[in-house]
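Where does this chain leave open space, and how do its elements pack around it? The report below takes up these topics in turn.

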Amino acid sequence: MGSRIGVGLLGLGTVGGGVASILLSPDERHPLVGDLELVRVAVRDLSRPRPVDLPADILTTDPADVVNDPAVDVVVEVIGGIEPARSLILQAIAAGKSVVTANKAVIARHGQEIAEAAANAGVYVLIEAAVGGGIPIIEPLKQSLGGNRINRVSGIINGTTNYILTRMADEGAAYDDVLRDAQELGYAEADPAADVDGLDAADKIAILSTLAFGGAVERSAVPTEGISQLQGVDVDYARRLGYGVKLLAVAERMAKTAEPLPLSLRVQPTLVPTDHPLAGVNGVNNAILVEGDPIGRVMFYGPGAGAGPTASAVVADILNIAGIRQASDAPGHIDPLLAAGTWRECVLVEPGAIRQRHYVRFNTKDAPGVIGRIGGCFGDRNVSIQSIVQFNASEAGAEIVVITHEVSQGEMDAALQAIQALPEVSGLAAHLGCL
């Protein structure tokens, strides 16, 4: 179709191999794929087996060879982690090259620095593959939904935890057993902390929030709770009450308009009503629900990880850059919708100001009046109760499950403190969010 676009690849693992495979087999794909030429690839070990066959003369163990190669127009970073990825991205930008990355960790923490450097250099840094695998969500937030006032972005954005929770719900399986299966199937890493502790989802919701609301947020300030402490009994009780349990990441505006704009972000296990669009998202699939004015609700659903879906998103970003490069007669001209830099200041509200519904389970004595005293503690602190149910009453005690209406975290914490001081209450056994 036009002039060749040189692509340099940093990393040839699962995703890098998938990208290389697409670039080397352009038949029946968009014609622009045929203009993409893989000219340099950095790997850690030249002697290791490769997922694709590549000419030996394009391989190198020095990433700087890729970044500095004059034949490379677009650098694709798929090595992961913070360093050296951050430094290599900035070096590529300084060399006048656009960058495509799947690195959610570096973008969540250093996205503002990288975006400013790219704007100053007149190049692009595109990140579609950093969130949701093959699900197109980054570009819609930057472009297709750009005419909307986004009010809320929520989603299931970690396939490992969704697989675990799906099996716990469907089979009544124990968390530890399902986690082992997930590791054997390759869905979970040997060290699963980034997934099961919610860190991966927090990286992704920080990125989505920046795009949806126009301002960067401090990744380290996002309240984050994973599923490692979740008990099967709560998944069962949720099902009986008409809910499923999902690890949700949520970002929402706390004011219609304000400068700076206050936002509420959180990652936590959350009860989802069975008729909610996110309730039917199971297995390793991801889904992101965007709510805006005037569009209402739109949901993006699909495979959230894996070589094929993630490589698809990477190549889509390369094609975006290639198309702009071939169409533009003005070097350094940047499409503001494709680049999508920040345009306002956003701040996270204090955790105590976050408002949502809650699910709590108490261990109590099976004593007359205990439900009334728990209800009184909630009412005295402005917490309205939607439902309160007693399970498994016996001489040994009982379990009281409460679902509240929407309330601030501060009021909820005050009520829980008072309830746990009651002599009939032996402990707070579980505390989850609730849609």
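This is a predicted model: local features need pLDDT of at least 70, side-chain atom pairs count only at pLDDT 80 or more; totals for chains, interfaces and linings use all residues.

## Pockets and cavity

Rolling a probe the size of a water molecule over the atoms shows where empty space is left. The table lists the spaces found that way.

| Space | Volume | Lining by class |
|---|---|---|
| Largest pocket | about 1200 Å³ | 18 nonpolar, 17 polar, eight charged residues |
| Second largest pocket | about 970 Å³ | 25 nonpolar, nine polar, nine charged residues |
| Largest cavity | about 30 Å³ | seven nonpolar, one polar, one charged residue |

The largest pocket has 43 lining residues. V15, K104, E189, D200 and A305 lie nearest its centre. Helix 1, helix 4 (104-121), helix 6 (159-171), helix 8 (193-196), helix 9 (199-213) and helix 11 (307-327) each give two or more residues to this lining. Which element gives the most to the lining of the largest pocket? Helix 9 does, with four residues.

The second largest pocket is also lined by 43 residues. T210, L211, A340, G341 and T342 are the closest to its centre. At least two lining residues come from each of helix 4, helix 5 (138-144), strand 7 (149-156), helix 9 and helix 12 (336-339). Helix 4 gives the most here, with twelve residues.

The structure holds one cavity of 30 Å³ or more. P223, L263, S264, L265, L348, V349, E350, P351 and I354 line this cavity. Strand 9 (residues 261-273) gives the most to the cavity lining, with three residues.

## Helix 1

Helix 1 spans residues 14-23. Is this helix enclosed by the rest of the structure, or open? Eight of its ten residues are buried, so helix 1 is largely enclosed by the rest of the structure. The buried residues are V15, G16, G17, G18, V19, A20, I22 and L23. One of them, V15, is also among the residues nearest the centre of the largest pocket.

## Helix 13 against helix 14

Helix 13 covers residues 370-380, and helix 14 covers residues 409-420. Their axes come within 8 Å and cross at roughly 145°. The crossing is right-handed. From helix 13, the residues in contact are I374, C377 and F378. They meet M412, A415, L416, A418 and I419 of helix 14. What classes of residue make up this contact? It has eight nonpolar, no polar and no charged residues. An α-helix has 3.6 residues a turn, so residues three or four places apart point the same way. On helix 13, I374 and F378 are both part of the contact. On helix 14, M412, A415 and I419 are part of it too.

D234 lies in helix 10 (residues 232-240). The residue counts as buried because its relative accessibility is 1%, and the cut-off is under 20%. Leaving out residues up to four places away in sequence, D234 touches V245, Y359, R361, A430 and L432. D234 and A56 are 178 residues apart in sequence. Their C-alpha atoms are 55 Å apart in space.

S408 lies in strand 16 (residues 407-408). With 10% relative accessibility, S408 also counts as buried. Its contacts, not counting residues up to four places away in sequence, are G352, I354 and R355.

## Backbone features in loops

Two cis peptide bonds deserve a look. One joins E83 and P84, with omega about 10°. P84 lies in the loop between strand 4 (74-77) and helix 3 (85-94). Another cis peptide bond joins E259 and P260, with omega about -5°. P260 is found in the loop between strand 8 (243-253) and strand 9.

Positive phi values come next. E28, which is not a glycine, has a phi near 70°. E28 sits in the loop between helix 1 and strand 2 (36-42). Is E28 buried or exposed? At 84% relative accessibility, E28 counts as exposed.

N382 has a positive phi of about 65°, although N382 is not a glycine. Its place is in the loop between helix 13 and strand 14 (385-394). N382 is exposed, with a relative accessible area of 59%.

Conventions. Residues are numbered from 1 along each chain as its sequence is written. Side-chain values use heavy atoms; hydrogens and water are left out. Buried means under 20% relative accessible area, exposed over 50%, partly exposed in between (1.4 Å probe, protein chains only). Contact means heavy atoms within 4.5 Å. Axes are lines fitted to C-alpha atoms, for helices over the stretch in contact, and angles run from 0 to 180 degrees between N-to-C directions. A crossing is left-handed if the near helix is turned anticlockwise from the far one by less than a right angle, and right-handed if clockwise. Ala, Val, Leu, Ile, Met, Phe, Trp, Tyr, Cys and Pro count as nonpolar, Asp, Glu, Lys and Arg as charged, and the others, Gly among them, as polar. On a 1 Å grid over the protein atoms alone, a cavity is a set of points where a 1.4 Å probe fits but cannot get out, and a pocket is an open set with protein on both sides within 12 Å along at least five of seven lines; lining residues have an atom within 4 Å of a point. Grid points are joined across faces, edges and corners, and a volume is the space filled by probe spheres set on the points.
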